[in-house]
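Hello,

Here is the structure for you to look through. Please open it beside this email and follow along.

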Amino acid sequence: LTRRRTSDPDVGPTITDIASQALALAVLFLAFVLVDSSASYSRAAQAAVAEADVVDHMFELAAYSPEPQRQRIEGAVVCYARAILAYEWDQMDRGRSPVASVWSTRIRDTFAQIKEVDSGVFQMLVDADRARSTARRDRIVEETSSTPTTVTALMIITLALSLGAFAFGLPRRNNRGHVVVLAAVTLVLCGALLLI
């Protein structure tokens, strides 16, 4: 901390000086977490696109399967896609949806019946299903918060204390501009925390 040069040795940094240092640290910390969250969001979006592409490919591959397995695979793939949209998408922060997992299992159960008839189509479907499973796992892992609770709590506490110290150090009169700036900074920082 930079000490003010005064003739009085008992005068140290003001509350605002200390708060500005703490706020700078908190904002730096917040910036790192925000960048990490943004990168995670991008990876989750890429995994979701990859999963959708593989599911579409599996539906097309099912056309080369013998009957009645073709219809079962197509139906299970469609139901899997609907389960992802209806159940898993809204609750991804809690992990996998059991409904989507049921349809994932039904797809694989039908593969065993194809293996005996056409091993070429079987292997292509197994490879596609493996790619679908990997993309689904990546999407869910990236969607789940990677910021530890203690880090989030530390950021919130540091920001709250810093902003509180700034508010405490505001001039008592003619402070309208100060209050507006403090409120704007508080809104921006709260918005960044919500984004994370």
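Arg130 is found in helix α4. Helices here are DSSP runs of H or I with at least four residues, strands are runs of E with at least two, and both are numbered from the N terminus. The side chain of Arg130 has a polar contact of 3.3 Å with the side chain of Asp127. A polar contact is a pair of N or O atoms within 3.5 Å; within protein, one must be able to donate a hydrogen and the other to accept it, and residues adjacent in sequence count only if both atoms are side-chain atoms. Arg130 and Val54 are 76 residues apart along the chain, yet their C-alpha atoms are separated by 9.4 Å.

A word on the source: this is a predicted model, where local features need pLDDT of at least 70, side-chain atom pairs count only at pLDDT 80 or more, and totals for chains, interfaces and linings use all residues. Residues are numbered from 1 along each chain as its sequence is written, and side-chain values use heavy atoms, with hydrogens and water left out.

**The whole chain**

The chain has six helices and zero strands. From the N terminus on, the order is α-α-α-α-α-α. How much of the chain is buried? Of its 196 residues, 29% count as buried. Buried means under 20% relative accessible area, exposed means over 50%, and partly exposed is in between (1.4 Å probe, protein chains only). The chain exposes about 12500 Å², and carbon and sulfur atoms supply 61% of that area. Accessible areas come from the Shrake-Rupley method with a 1.4 Å probe; for residues, only the protein chains shown count as cover.

Now look at the contacts, meaning heavy atoms within 4.5 Å. Take those in the chain with a separation of 6 or more: residues 24 or more positions apart account for 70% of them.

**Asp129**

Asp129 is also placed in helix α4, which covers residues 119-143. Is Asp129 buried or exposed? Asp129 counts as buried because its relative accessible area is 5%. Its side chain makes a polar contact with the side chain of Arg108, at 3.4 Å. Not counting residues up to four places away in sequence, Asp129 touches Met58, Ile107, Arg108 and Phe111.

**The α5 and α6 pair**

Helix α5 spans residues 149-168 and helix α6 spans residues 176-195. Their axes come within 11 Å and cross at roughly 175°. That crossing makes α5 roughly antiparallel to α6. Axes are lines fitted to C-alpha atoms, for helices over the stretch in contact, and angles run from 0 to 180 degrees between N-to-C directions. Angles under 35 degrees count as roughly parallel, over 145 as roughly antiparallel, 65 to 115 as roughly perpendicular and the rest as oblique.

Which residues make the contact? On α5 they are Met155, Ile156, Leu159, Leu163, Phe166 and Ala167. On α6 they are Leu182, Val185, Thr186, Leu189 and Leu193. By class, this contact of α5 with α6 has 10 nonpolar residues, one polar and no charged. Ala, Val, Leu, Ile, Met, Phe, Trp, Tyr, Cys and Pro count as nonpolar, Asp, Glu, Lys and Arg as charged, and the others, Gly among them, as polar.

Pick out Leu163 in helix α5. Leu163 is buried, at 12% relative accessible area. Leaving aside neighbours within four places in sequence, Leu163 is in contact with Leu23, Leu182, Val185, Thr186 and Leu189. Leu163 and Leu189 are 26 residues apart in sequence and 10.0 Å apart in space, C-alpha to C-alpha.

- A cis peptide bond joins Glu67 to Pro68, with omega about 0°.
- Glu74: find it in helix α2. Glu74 is buried, with 15% relative accessible area. Beyond its neighbours within four places in sequence, Glu74 is in contact with Phe59, Ala62 and Ala63.
- Pro98: look in helix α3, residues 98-115. Pro98 is exposed, with a relative accessible area of 58%. The C-alpha atoms of Pro98 and Tyr87 are separated by 8.7 Å, and the two are 11 residues apart along the chain.
- Val27: go to helix α1. Val27 counts as partly exposed, at 36% relative accessibility. Val27 and Thr158 are 131 residues apart in sequence and 9.3 Å apart in space, C-alpha to C-alpha.

Best wishes
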